[in-house]
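Please read the points with the structure open.

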Amino acid sequence: MTILIIMCVGVFIGIKFFSKKYAKANYILQVVCTCVLIFSMGASLGAREEFLSEISALGLDSLIFAVVPIIFSVLAVYLLTKNQKQ
Amino acid sequence: MVWLALLSLLGGVFCGMFVFSAEHVELLGVISEYALYILMFSVGMSIGTNKEIFSKLRSFGKIVLIIPAAITAASVLSGFLCAFLTGVSVRDSVCITSGLGWYSLTGVMLTDLSGATIGTMAFLSNLLREMISFFSIPLIAKHLNYYCAIAPAAATSEDTTLPMMIKYTSEEMTVVSVINGVLCSAAVPVLVNFFHAML
């Protein structure tokens, strides 16, 4: 919810005050933030003591639990939107 | 961007394993929370600067609600197939796929409800869902359509996978993506509790 409010504040500032000439700087800011988020996710994973043993023991089953819902979800959305304009 | 993301991930795992102490990792968690806020503010400004986006979003109509409903239903149903493929009980399997990519919450919830093994599996599989989504968004956006690029990301389409949506789809699709992420995220705790109690 906080995220949504912050984004709405950003939208408001974008409409009222923000100029398109800063778009490039804004994009770089997005890339930096994204890298920080992913780096931090990796660090919290790597810091788990059982990380390597978990990956090797439960890796294949976990992969199935990731890939099957992805395929089903993409298929469902594709069937519902194949005639939509984007 | 994909390579930068991969490099950040591997760098993070390496530092988590060999460089950082537990306090560093905790601090990084706080930093990443603020990084997410800054990212969302920045994305908001991009959207606000693009004035045509709101009229375009209106033209999307009810599809904005159909997409998260379809992703949620498909993910829940896929849990039954996963149970058959892995030998995990139907209840735990459906709970894991109901995580919709939100690995931290699903991992914690299922550790509590079904024990450490299922909790870890929920954590890993939803994390993998997020990672695979991250790197498949460019391909899906190119070969299927922009709506389909939201599908693998599910609950993560409002934060971690959002930058890929921004880069490889359109700005109005970014708004659809955020709405999808908010609705899917709201559904995750409800679904996990519901299926754990009902199945």
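1. The largest cavity has a volume of about 80 Å³, a volume being the space filled by probe spheres set on grid points that are joined across faces, edges and corners. On a 1 Å grid over the protein atoms alone, a cavity is a set of points where a 1.4 Å probe fits but cannot get out, a pocket is an open set with protein on both sides within 12 Å along at least five of seven lines, and lining residues have an atom within 4 Å of a point. A search of the whole structure finds four cavities of 30 Å³ or more.

2. This is a predicted model, in which local features need pLDDT of at least 70 and side-chain atom pairs count only at pLDDT 80 or more, while totals for chains, interfaces and linings use all residues. Residues are numbered from 1 along each chain as its sequence is written, chains are lettered from A and ligands numbered from 1 in the order in which they are written, and side-chain values use heavy atoms, with hydrogens and water left out.

3. The largest cavity is lined by residues of both chains, namely A:Ile38 and A:Met41 together with B:Ala5, B:Leu9, B:Glu130, B:Met131, B:Phe134, B:Phe135 and B:Thr160. Helix α7(B) provides the largest share of this lining, four residues, and at least two residues each come from α2 of chain A and from α1 (2–19) and α7 of chain B; helices here are DSSP runs (H or I, at least four residues; strands are E, at least two), numbered from the N terminus. By class the lining divides into seven nonpolar residues, one polar and one charged, where Ala, Val, Leu, Ile, Met, Phe, Trp, Tyr, Cys and Pro count as nonpolar, Asp, Glu, Lys and Arg as charged, and the others, Gly among them, as polar.

4. The largest pocket has a volume of about 850 Å³ and is lined by 33 residues, of which B:Leu36, B:Trp102, B:Tyr103, B:Ser104 and B:Asp159 lie nearest its centre. Helix α2(B) gives the most to this lining, with seven residues, and the classes are 18 nonpolar, 10 polar and five charged.

5. The second largest pocket has a volume of about 220 Å³, and among its 13 lining residues A:Ala23, A:Asn26, A:Gln30, B:Ser46 and B:Glu171 lie nearest the centre. Here α2(A) gives the most, with four residues, and the lining has four nonpolar, seven polar and two charged residues.

6. Turning to packing between the chains, the axes of helix α3 (residues 51–81) of chain A and helix α8 (residues 146–153) of chain B come within 8 Å and cross at roughly 155°; axes are lines fitted to C-alpha atoms, for helices over the stretch in contact, and angles run from 0 to 180 degrees between N-to-C directions. The two helices are therefore roughly antiparallel to each other, a term used for angles over 145 degrees, with under 35 counting as roughly parallel, 65 to 115 as roughly perpendicular and the rest as oblique. From α3(A), residues including A:Ile70, A:Val74 and A:Tyr78 meet B:Tyr147, B:Cys148, B:Ala151 and B:Pro152 in α8(B), contact meaning heavy atoms within 4.5 Å. The contact residues comprise eight nonpolar, two polar and no charged.

7. Within chain B, helix α4 (residues 63–86) and α10(B) pack at an angle of about 35°, with their axes 9 Å apart.
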